[in-house]
Amino acid sequence: MGRSEYSEKIQHIVSAMLRSGLVDEVLAFVQGLDEYDIVPAFIADERDAEKIVVTSYNPLSLAKLLAEYGDKDKKIAVVVRSCDARGIIELAKRNQINRDNIYMIGLECHGVAKPSDKRAKELYILGSEIEASGERTALDETLLAPNCRRCEYPLPTMADISCGIDREPMSITVNTEKGREIVSAAKLSADEGGEIESAATKERATRRQEEDFAEMRGMSAEDRLNYWLRQFDKCIKCYGCRNACPICYCKDCYLDADRILIKAGKLPPEKLFHLVRLIHVADSCLNCGQCEAACPMQIPISKLYHMLHKELSAIFHYEPGIDIAVLPPLGTISEEELKAGGVELA
Amino acid sequence: MNNEFEPKILGFLCNWCSYAGADLAGVSRLQYPPNIRVIRVMCSARVNPVFIFKALLGGVDGVLISGCHPGDCHYMKGNYYTRRRITAVKKLLDTVGIEPDRVRLEWVSASEGIRFADTVRDFTETIKKLGPNPLKGV
């Protein structure tokens, strides 16, 4: 199935949901004036559903957008990638989104193009191939955003339904009770029960993570510190990473100039800026790559956050954005810990 | 003048156990290195990771956080949160290339004056071995 057919299938689901009154609004990427004009939009009229496109251009996190601009009392459907879906679940845990009112239509995604690449809006990435103006060619991996190479979740099994692109007709998996409502509203046939994520994908993602992190881990502590200090020195304190991050949800932020910690007008900012963001985000980092995509100085921050997150998730056994009932690790204590002495956690 | 490196250590001691423990070390006239500067906090969980980073960036060579033993927290669960937090802080420091041993968490009760003195002595030695904090002045 190609890009346009996939878009049409999604449009069909969305317009059926709006028509049946299952949801009041739909949040998705739509095409504006031409193919270079891809913007997120809330759609309330089913006739506008035909503007929805699937895209390998990912300018912002829909989870963050939903928390900021979504009407909390309205039922809203969101066309999500797995990183958006996981962001929505993380924000729902933090009481920023009412998960009961959100319906998630999951898109299969094999990574998005680097936003800095000028071809990002023209092409569509389908697994090992790319589609550009109807033609399919083999995927050049350097085109992918670096965080997407490390992604473990091509299929959003945490969304209400997940739509696979690989088969004809589109394979739809129902993951939740709400997924069943979506399927019946759109009169689709679907497989029941969450699809088990393929071990091969997970293995490939782990291998690439190891590849990416090995270089940093191989350095001596001194070299590593110098590397990051040099990277942080590039920072122009635009707050792009903070504003783009779906985990950074605080209205009143430590890093704002009126909180004294970070001095107004000082460039590059104190190194504290980066350490504060790192400790606040790393336990729940989704590896969505929005921080790195937003950074005008191209600091490889998503690598840093993801690297630390992997270390922490090994200790706390926390996988962000999967189960809404599992709360962030720094705010919870396990039963075993209550019995354990010592100052170290295994 | 001897030119041996004398580290500066910042200690965050909880009001209910460790501060009393340090007090006991004092009234018992136990000898321990004068490198530690103490800030009393109501609970070890009051220690925001940001305090630790601020201290390290401000040129302190080591940070000691000390609270009640597990199960003894005056606020029931504060020290368990601290344990998780400090674990994360240490991993963070390691990831960016600062020795995680510059931060230490210890449980010291109000009756453990000797343990407090030993902790400070041992931590001062550790920091002396590590040398000055590489973050000083960045």
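1. Chain B has a mean pLDDT of 95, and 99% of its residues reach 70 or more; pLDDT is the predictor's confidence in each residue, from 0 to 100. The model scores ipTM 0.94 and pTM 0.93.

2. Some housekeeping: this is a predicted model, where local features need pLDDT of at least 70, side-chain atom pairs count only at pLDDT 80 or more, and totals for chains, interfaces and linings use all residues. Residues are numbered from 1 along each chain as its sequence is written, with chains lettered from A and ligands numbered from 1 in the order in which they are written.

3. On to the interface: 27 residues from chain B and 31 residues from chain A make up the contact (C-beta atoms, placed from the backbone, within 7 Å). On the chain B side, α2 (49-57), α3 (78-96) and β4 (103-107) each supply at least two residues; helices are DSSP runs of H or I with at least four residues, strands runs of E with at least two, numbered from the N terminus. α3(B) gives the most, with 12 residues.

4. Within chain B, have a look at helix α1 (residues 18-27) and helix α4 (residues 113-130): their axes come within 7 Å and cross at roughly 90°. Axes here are lines fitted to C-alpha atoms, for helices over the stretch in contact, and angles run from 0 to 180 degrees between N-to-C directions. So α1(B) and α4(B) are roughly perpendicular to each other (65 to 115 degrees).

5. As for who meets whom, Ser18(B), Gly21(B), Ala22(B), Leu24(B) and Ala25(B) in α1(B) contact Gly113(B), Arg115(B), Phe116(B) and Ala117(B) in α4(B).

Terms used:
Contact = placed C-beta atoms within 7 Å. Parallel < 35°, antiparallel > 145°, perpendicular 65-115°, else oblique.
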